[in-house]
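Here are some friendly notes to read with the structure open beside you. Take the points one at a time and find each place on screen as you go.

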Amino acid sequence: MQALVYRKSVPLYLLTSFFSRLQRRRFHHLVTPLTLKDVPFKPARPHWAVLKTRLCGICGSDLNLLKGAESLLLEPYASMPMIIGHEIVATVESSPAGSGLQPGQRVVVEPVLDCLVRELPPCRYCAQGDYHLCERYREGALPPGSVLGFNAAASGGMAERTAAHPARILPVPENVSDEEAVLTDSMASVLQPVLENFPEPDETVVVWGLGILGQHAVRCLRALGFAGRIVAVGRHRFQCELALAGGADEAPRSPSRKELARLVGGTFLRTTLGGGNIEGGADRVFDCVASSKTFEESLLCLRARGRYVMVGTAASLQKVDVSSLWYRQLTVTGTISYATAMFRGERVRTYQKCLDLLASGTYPTQGLLTGLYKLEDWKTAFQAAFDKKGSGAMKLGFDLRR
C-alpha cells in the first residue's frame, strides 16, 4: 500500500530544523526524512480492526515534526520508521467478533496507545479514565508510542489502510459527513481542556491564536453553553472573520497591549521600557499557539488569580517575562490530547462528545476544512499547511477515497 513513512535520521532532522528557522513558511521536503512509498500492510496486533482510510487530517504535531521543532524530551515516546497521521476517518474492512463494528461502517479513530491498547493492567491514570496521561507508553505489546496513535508497529492514517484497537474506534453518525468527521480529532484536542477548565458564566475568556485549535475553542465554548465574553486574537483577517462567525465577541488582529487592555476590561499601565503592563483583565486564556510571545501576552492580560491554559504544543519558550505569574498569583496548566472529562456532573468521553456536537447540527463547521489533497500530492499539501498566510489554510487533509 502507499503510505507516508517517517524514518529516523538525526542529520536530516537537524537540517530540517535549520532550514525551517530560516524559511518558516516553506516545507523543505528535500531534507525532511518523510517519503511516500509502497509498504506491506500488517495490523499491529491480530485482534485489531482493519480499516480503509477515507480522509486523514494534517495536525500541527505533524508540522512540528516536519519542521524539526518537536521537543527532544519526547524522543523516548516514539519509535521509527512510522507511518504518520492520526486524524482518521475510515471504513471498516474487517473486525474481530464481539467488537460491535461492521464491515462498511464509517468510523473515526481515537489514537491513544494506552494500557488497554498495550494489553496491560491499567495504570493509575487509565484506571480513572485519564488514559491520555498513561504512564506505560513504552511498555506492553507495542513499541514506544503515545497519544498520536502511530509507532513502528501501529500505522498512522496517511496510508491506504490502517488498523486500530476496537476500543479506540467510534462510529460516525449518519448525518455527519466525512469532511465534518475529519475535524473530530482537532476538536477533541480543544474540547478536553475546555471541559477541564470551563469558565464561569460571567467571565471573560481570551482565545489566543485562530488556527484550527482556536476556532474550535470559540465554538466549543459556545456549543457547551458559555454565554460570557470571548475575545479571540488572530494574525490574519480570514482567521478573525471565521472566529466571529463561530461566536467570538471580538476578534482583533495582533492587538497592541493598550488595545488588548481595553478588550479584556483592564487598565493599560505605561512603562518606560517593556511595552506596558495591564491591570485587571481576562479570567481565562486558552493559548492555542504557545509561543514565547503568546505566553507572555497571555499572562499580562489575566486578572489576579486568572488561569492560563496551554493548548498549543510548545517545545521551548525563550526570553519571557513571567513576573505576572507570581505578581498576580496566576494558575498555569497544560493539556494533552483527550480521554474523558467531567461535564455537568457526568463523566463524558471527549471524542464521543465531539461526534455528538457535530451530529447536532448546531456546531458551525463551514470554513474549517479548507483543502483536501491526494496522497501523492503530499509535498503540495504540507507546503500549503506551512504557509497559512499565503494559502489561507485552516484544516487540510488527505483524501484517499477511490
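The points below go through a cavity, a pair of helices and a few places in the loops.

1. First, please keep in mind that this is a predicted model. Every value below is computed from that model.

2. A search of the whole structure turns up one cavity of 30 Å³ or more. The largest cavity holds about 130 Å³ of space. It is lined by 20 residues, and those closest to its centre are Val109, Pro111, Gly149, Ala163 and Ala164.

3. What kinds of residue make up the lining of the largest cavity? By class, there are eleven nonpolar, seven polar and two charged residues. Strand β7 (residues 161–164) gives the largest share of this lining, with three residues.

4. Next, find helix α2, which spans residues 60–67. Six of its eight residues are buried, so α2 is largely enclosed by the rest of the structure. To call a residue buried here, its relative accessible area must be under 20%. The buried residues of α2 are Ser61, Asp62, Leu63, Asn64, Leu65 and Leu66. Just after this helix comes Gly68, with a positive phi of about 70 degrees.

5. How do α1 and α2 pack, and at what angle? Helix α1 (residues 10–22) meets α2 at about 100 degrees, and the two axes are 7 Å apart. Angles of 65 to 115 degrees count as roughly perpendicular, and α1 and α2 are therefore roughly perpendicular to each other. On the α1 side, the contact is made by Tyr13, Thr16, Ser17 and Ser20, while α2 brings Leu65, Leu66 and Lys67. These contact residues divide into three nonpolar, three polar and one charged. Notice that Leu65 and Leu66 are also on the list of buried residues of α2.

6. Now look at the loop between α2 and β4 (82–83), where Pro81 is placed. A cis peptide bond joins Met80 and Pro81, with omega at about 5 degrees.

7. Ser254, in the loop between α7 (237–246) and α8 (257–263), has a positive phi near 40 degrees, although Ser254 is not a glycine. Is this residue buried or exposed? Ser254 is exposed, with a relative accessible area of 52%.

8. Finally, Arg344 sits in the loop between β16 (340–343) and β17 (346–349). Arg344 is another residue other than glycine with a positive phi, here near 50 degrees. With a relative accessible area of 66%, Arg344 is exposed.

Conventions. Residues numbered from 1 in each chain as written. Predicted model: local features only at pLDDT ≥ 70, side-chain atom pairs only at ≥ 80, totals over all residues. Heavy atoms only, no water. 1 Å grid on protein atoms, 1.4 Å probe; cavity = no way out; pocket = protein on both sides within 12 Å on 5 of 7 lines; lining within 4 Å. Points joined across faces, edges and corners; volume = space filled by probe spheres on them. Helix = DSSP H or I, 4+ residues; strand = E, 2+ residues; numbered from the N terminus. Nonpolar A, V, L, I, M, F, W, Y, C, P; charged D, E, K, R; others polar. Buried < 20%, exposed > 50% of the residue type's maximum accessible area, 1.4 Å probe, protein only. Axes fitted to C-alpha atoms, helices over the stretch in contact; angles between N-to-C directions. Parallel < 35°, antiparallel > 145°, perpendicular 65-115°, else oblique. Contact = heavy atoms within 4.5 Å.
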